[in-house]
Amino acid sequence: MTSVAIADLSLSFGPIEVLKSLNLEVEEGEFVVLLGPSGCGKSTLLNCIAGLLDVTAGQIFIDGENVTWEEPKDRGIGMVFQSYALYPQMSVEKNLSFGLRVAGLPKNEIKKRVDRAAEILQIEPLLKRKPGALSGGQRQRVAIGRALVRDVNVFLFDEPLSNLDAKLRTDLRVELKRLHQRLGNTMIYVTHDQIEALTLADRIAIMKDGLIQQLDSPTEIYNNPYNRFVAGFIGSPGMNFLHGTLTSEAGQWVFNSSGLRVPLSDYGFTNTPQEGQAVELGLRPEHIIVGDASAAQPVIMEVDTELVEPMGADTVLWTNVAGHALTIRTDSESIVKTGDKLNIGFNTSRASLFSENGERV
């Protein structure tokens with residue numbers, strides 16, 4: 001069953017089109033992440049779903065009801081913002097219950113909902129404290145709890161972890177995943193952090209210039225990006241891109257690029273290639289094998305190491321092959337020094353090819 005449906009949604013501020021005939025369907029109980037660079041329209045889309053912005057055209061449905069012009073309070077949603085937006089003079093308990101008290105719910109129902117949210121978020125010992133006596137992570141839990149007490153089917157998150165330090169972000173990200181598994185509610189989450197997107201989402205919507213470029217599972221987006229933008233946006237370090245052309249040699253397609261020749265016998269073409277077609281070959285840094293193990297790969301070549309970056313659990317190598325920059329991610333046990341010549345190998349079945357217009361070949 002579809003929980004949230006967006007149909008031909010457009011939003012303009014004067015002559016500037018922010019969202020362009022956008023369509024999206026979110027299934028009941030699904031965790032969908034809107035991911036993209038600043039200015040791509042992801043927060044704008046979330047605010048349209050929440051009713052905080054009036055759309056220019058299109059429709060929004062929540063649980064089968066057209067809520068395009070409904071007030072935010074009547075849409076059956078709970079929203080968590082980047083800023084905690086807590087009332088500093090109120091205790092945690094009163095922050096959680098404020099909206100329910102304003103709505104006129106019975107006291108016993110309010111207490112039941114507050115106690116349930118506090119138990120789920122493990123903030124029961126904090127109920128009598130005021131926000132000023134809480135850490136950033138505790139404040140964000142309270143902000144999430146304020147959405148939970150509404151007892152709605154759809155939760156919207158607008159970069160809720162952006163104000164936290166790195167470790168706290170990791171901890172709270174895990175808690176959010178557990179929260180979703182426990183509640184089973186529909187959640188739509190906005191972030192510019194690809195790690196959050198890959199770890200939290202059932203599906204990710206990659207956005208650019210007011211349009212969804214790809215809507216798919218994290219695995220599919222990572223391994224089979226629809227276009228050059230998606231391929232380059234996901235991954236850290238980013239995907240390697242080599243410019244070249246396709247030629248057919250003895251019935252086999254080959255990628256050629258100033259000194260490089262890469263047979264594509266294992267590559268699965270999405271579209272029919274053309275002789276002499278200009279393309280970019282994309283290789284993920286972690287899909288390139290270094291050392292003796294590279295001998296088992298279909299494509300083998302030698303590279304020069306220009307820079308070594310130890311990252312703890314792994315090591316990033318910045319190398320050069322025939323004038324092409326190539327970033328390689330290997331395990332931390334690999335002993336490599338700047339200036340070393342390395343044998344590398346890769347399988348083109350894990351590569352990506354993109355045409356001049358950015359589409360997958």
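This note sets out, point by point, the main features of a predicted model of one protein chain.

1. Basis of the model. Because the model is predicted, local features are given only where pLDDT is at least 70 and side-chain atom pairs count only at pLDDT 80 or more, whereas totals for chains, interfaces and linings use all residues. Residues are numbered from 1 along each chain as its sequence is written, and side-chain values use heavy atoms, with hydrogens and water left out.

2. Overall make-up. The protein chain has 8 helices and 20 strands; helices (H or I, at least four residues) and strands (E, at least two) are DSSP runs, numbered from the N terminus. Its C-alpha trace spans about 80 × 45 × 35 Å along the principal axes. Of the 361 residues, 49% are buried, where buried means under 20% relative accessible area, exposed over 50%, and partly exposed in between (1.4 Å probe, protein chains only). Among contacts (heavy atoms within 4.5 Å) with a separation of 6 or more, 66% are between residues 24 or more positions apart.

3. The largest nonpolar core. In soluble globular proteins, nonpolar side chains tend to be buried together. A nonpolar core is a set of buried Ala, Val, Leu, Ile, Met, Phe, Trp, Tyr and Cys residues joined through side-chain atoms within 4.5 Å. The largest one has 46 residues, and Leu148 and Leu179 touch the most other members. Helix H3 (residues 107–121) gives the most to this core, with 6 residues. Apart from this core lies another, of 28 residues, including Val4, Ile6, Leu45 and Cys48.

4. The surroundings of Leu148. Which residues does Leu148 touch, not counting residues up to four places away in sequence? They are Ala117, Ile120, Leu121, Phe155, Leu179 and Leu183.

5. Helix H1. H1 (residues 42–50) contains Thr44. The helix is mostly covered, with 8 of its 9 residues buried: Lys42, Thr44, Leu45, Leu46, Asn47, Cys48, Ile49 and Ala50. Thr44 counts as buried because its relative accessible area is 15%. Leaving aside residues up to four places away in sequence, Thr44 touches Leu11, Val18, Leu19 and Leu53. Gly51, which follows H1, has a positive phi, near 90°.

6. Ala231. This residue is found in helix H8 (residues 228–233). Is Ala231 buried or exposed? Ala231 counts as buried because its relative accessibility is 0%. Not counting residues up to four places away in sequence, Ala231 touches Pro225, Met239, Phe241, Arg284 and Phe354. Between Ala231 and Phe241 there are 10 residues of sequence separation and a C-alpha to C-alpha distance of 9.6 Å.

7. Strand pairing around S19. Two strands pair if DSSP finds at least two bridges between them. Strand S19 (residues 341–346) runs antiparallel to strand S15 (residues 289–290), and 2 bridges join them; here Val290 has Ile344 as its bridge partner. S19 also runs antiparallel to strand S16 (residues 299–310), with 6 bridges. In this second pairing, Asp304 stands opposite Lys341.

8. The largest pocket. On a 1 Å grid over the protein atoms alone, a cavity is a set of points where a 1.4 Å probe fits but cannot get out, and a pocket is an open set with protein on both sides within 12 Å along at least five of seven lines; lining residues have an atom within 4 Å of a point. Grid points are joined across faces, edges and corners, and a volume is the space filled by probe spheres set on the points. The largest pocket holds about 600 Å³. Its lining has 22 residues, and Ile77, Met79, Gly99, Arg146 and Arg150 lie nearest its centre. Strand S6 (77–80), helix H2 (92–102) and helix H4 (136–148) each supply at least two lining residues, and H2 gives the largest share, 5 residues. The lining comprises 15 nonpolar, 3 polar and 4 charged residues, where Ala, Val, Leu, Ile, Met, Phe, Trp, Tyr, Cys and Pro count as nonpolar, Asp, Glu, Lys and Arg as charged, and the others, Gly among them, as polar.

9. The second largest pocket. Its volume is about 210 Å³. Among the residues that line this pocket are Ile120, Leu121, Leu176 and Leu179. The largest share of the lining, 6 residues, comes from helix H5, which spans 166–183. The lining divides into 6 nonpolar, 1 polar and 3 charged residues.
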